[in-house]
Amino acid sequence: MARRPRVESGRERQCCEPIGLYDTVRLAHTVTRPMLHQPQRLCTLATLLIAAGLFAWPSGESLAQPKTHPEAIEDAHLYFPDTIGSRWRYRGHIEEWPLQKISETKNYVNVSTVSGTQTINGVTVMVFHDTNPGNHGPTDSYYRRDAVGVVYYGSSPGTPVERQVIPYQIVRFPIAIPSSFQQFDRKGVDFGTDVDGDGTQEKVDVDASVTVAGKESISVPAGSYANAVRIEARMSLRIHLSKSKRSVVSTDVLTAWFAKGVGLVKYTEHQEMPPAATDRGWITEITEELEEAEVKTLPAAIPTPSRQ
């Protein structure tokens with residue numbers, strides 16, 4: 001999905017970066033911390049899973065069948081905590097530059113919190129509030145996690161493209177390593193913006209997929225985590241320019257690591273926007289690493305008195 005425009009140097013720069021991957025990851029992260037993709041940050045896989053039976057989702061067949069028997073993580077929900085009150089603080093680093101120009105580097109902080117619940121189209125979702133994800137300012141993201149995974153229900157502020165493809169699955173349970181699936185593949189979506197200045201809003205073809213690559217150890221400011229699950233998300237936006245009848249492609253590749261009992265601990269993202277879709281074309285690289293986390297646990301159930 002296209003991400004909301006950024007404000008730079010007193011003007012608004014059209015940003016064609018897919019929000020699906022970035023926010024999905026972000027969501028996963030948020031969800032991951034709290035409930036699963038990210039939720040808020042990479043949507044802890046569980047949060048992004050489909051709300052059981054509420055929507056007709058794709059069959060979910062893996063795009064590539066591994067030759068070896070995949071490992072199944074049965075307690076996948078523990079990698080995507082989403083208890084209300086859970087909080088994650090991330091140290092962010094963003095570098096972006098016009099093609100063939102000197103890059104600009106910025107450091108920032110983002111705090112993600114599971115702030116509560118909300119009802120969207122009759123479905124109860126968890127709300128992940130991020131203070132500054134990707135250095136874009138405050139955002140609320142909505143996820144639902146259940147026994148089969150995590151599903152993303154959008155964000156506020158959102159984008160025209162995002163509103164046309166949600167809800168969609170972020171993670172599937174149990175997590176199979178290795179495995180992959182397509183989140184969505186939509187043609188002729190309204191981009192919501194006139195990119196080439198001819199008075200007509202462009203149409204886009206957008207597709208996204210997720211791959212569970214494996215487990216590996218990773219170190220971040222908050223500490224070292226063994227056997228973190230590595231998830232890779234890829235999205236492409238083919239923008240059909242109505243004026244020239246040409247097409248340009250914007251890509252977004254995100255890699256996120258989720259630790260058991262913690263959620264999203266790190267993610268990296270590489271976005272490329274072609275010159276025809278922006279003034280000069282842009283490349284953006286984003287990294288966020290966990291500095292500290294406070295993951296709330298659900299209170300123990302009060303035992304029912306036995307009858308004598």
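Mentor: Helices (H or I, at least four residues) and strands (E, at least two) are DSSP runs, numbered from the N terminus. By that count, the protein has two helices and 16 strands. This is a predicted model, where local features need pLDDT of at least 70, side-chain atom pairs count only at pLDDT 80 or more, and totals for chains, interfaces and linings use all residues. Residues are numbered from 1 along each chain as its sequence is written, and side-chain values use heavy atoms, with hydrogens and water left out.

Trainee: How do you know that strand 13 and strand 14 pair?

Mentor: Two strands pair if DSSP finds at least two bridges between them. Strand 13 (residues 223-240) and strand 14 (residues 247-259) have 12 bridges, in the antiparallel sense. Ser-236 has Thr-251 in strand 14 as its bridge partner.

Trainee: What lies between strand 13 and strand 14?

Mentor: Six residues, in a hairpin. Lys-245 in the turn has a positive phi of about 65°.

Trainee: What makes strand 14 and strand 15 a pair?

Mentor: Nine bridges, again set against the rule of at least two. Strand 15 covers residues 263-273, and the sense is antiparallel. Here Thr-251 has Glu-272 in strand 15 as its bridge partner. This hairpin has three residues between its strands, and Gly-261 in the turn has a positive phi of about 80°.

Trainee: Why is Tyr-143 called buried?

Mentor: Buried means under 20% relative accessible area, exposed over 50%, partly exposed in between (1.4 Å probe, protein chains only). Tyr-143 has 0%, so it is buried. Tyr-152 also has 0%, so it is buried too.

Trainee: Why is the pair of Tyr-143 and Tyr-152 called tilted?

Mentor: Rings of Phe, Tyr and Trp (its six-membered ring) pair if their centres lie within 6.5 Å; planes under 30 degrees apart count as stacked, over 60 as edge-to-face and the rest as tilted. The centres of Tyr-143 and Tyr-152 are 5.3 Å apart and the planes are at 35°, so the pair is tilted.

Trainee: What makes Tyr-152 and Tyr-168 edge-to-face?

Mentor: The angle between their planes is 75°, with 5.3 Å centre to centre. Tyr-152 is in strand 8 (residues 149-156) and Tyr-168 in strand 9 (residues 168-172), 16 residues apart. Phe-128, Tyr-143, Tyr-152, Tyr-168 and Phe-184 form one aromatic cluster.

Trainee: How do you know that the charged end of Lys-266 sits over the ring of Trp-257?

Mentor: The rule asks for NZ of Lys or CZ of Arg within 6 Å of the ring centre and within 35 degrees of the ring normal. The charged end of Lys-266 is 5.5 Å from the centre of the Trp-257 ring, and it counts as sitting over that ring.
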